[in-house]
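Hi,

Here is the structure I said I would pass on.

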Amino acid sequence: LGGFMKGTSLVEALVALLIMAVTGAAVVLLLAQIASLNNSAKLRSQATSYAQQGLEQVRSFSQSNGWAILAGKGPSRCYTDGTLNVTTACIVSCGDGGGIEINPLASVTRSVKIVTSQVLGQVAVTSTICWREKGVWNKTESLTYYYNY
């Protein structure tokens, strides 16, 4: 009977070790998933910030130069950023080569599109950001309007 109890203790110890290993692996997997979600949220937040930065630069340009000069940057043209100094290809779909790479390490591209409507007396400004994450392109856009009052 004594030998049987020793074997049972060994089996119990192995089962306990197996349970601990499975639980540990699940915890590590969960932590890796949380880290990945945090990274995704960080990249999305950074992209939104880049888009807002483009709009803020256009606002500054408009305040410094006036509506007429801003409207003259259209009728439909894209720029590398909101300073509206250098034109670039508009981003149509992410990864197609439109825009300019603003962060090569994270594969982030941006274009600021100016669409002028003299009839409506408005300029539509769209700041588009594309970024690559885990082999997939993502896109965010911010849009604002300026009017000739």
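The mean pLDDT over the chain is 87, and 93% of the residues reach at least 70. Among the elements, strand S1 (residues 76-79) comes out highest with a mean of 95, while strand S3 (residues 100-103) is lowest at 77. In general, wherever pLDDT is low, the predicted coordinates should not be read in detail.

Now the cysteines. Searching the whole structure turns up 2 disulfides. If you number the bonded cysteines in sequence order, they pair as 1-2, 3-4.

One of the disulfides is between Cys 78 and Cys 90, with an S to S distance of 1.9 Å. It connects distant parts of the chain, 12 residues apart: Cys 78 sits in strand S1, and Cys 90 in the loop between strand S2 (87-88) and S3. The torsion about their S-S bond is about 105°, so this disulfide is right-handed.

Cys 94 is in the loop between S2 and S3 and Cys 130 is in strand S5 (residues 122-133), so the bond ties together parts 36 residues apart in sequence. This link is left-handed, with -70° about the S-S bond. Here both cysteines, Cys 94 and Cys 130, are buried.

Cheers

Definitions and conventions:
Residues numbered from 1 in each chain as written. Predicted model: local features only at pLDDT ≥ 70, side-chain atom pairs only at ≥ 80, totals over all residues. Heavy atoms only, no water. pLDDT = per-residue confidence, 0-100. Helix = DSSP H or I, 4+ residues; strand = E, 2+ residues; numbered from the N terminus. Disulfide = S-S within 2.5 Å. Buried < 20%, exposed > 50% of the residue type's maximum accessible area, 1.4 Å probe, protein only.
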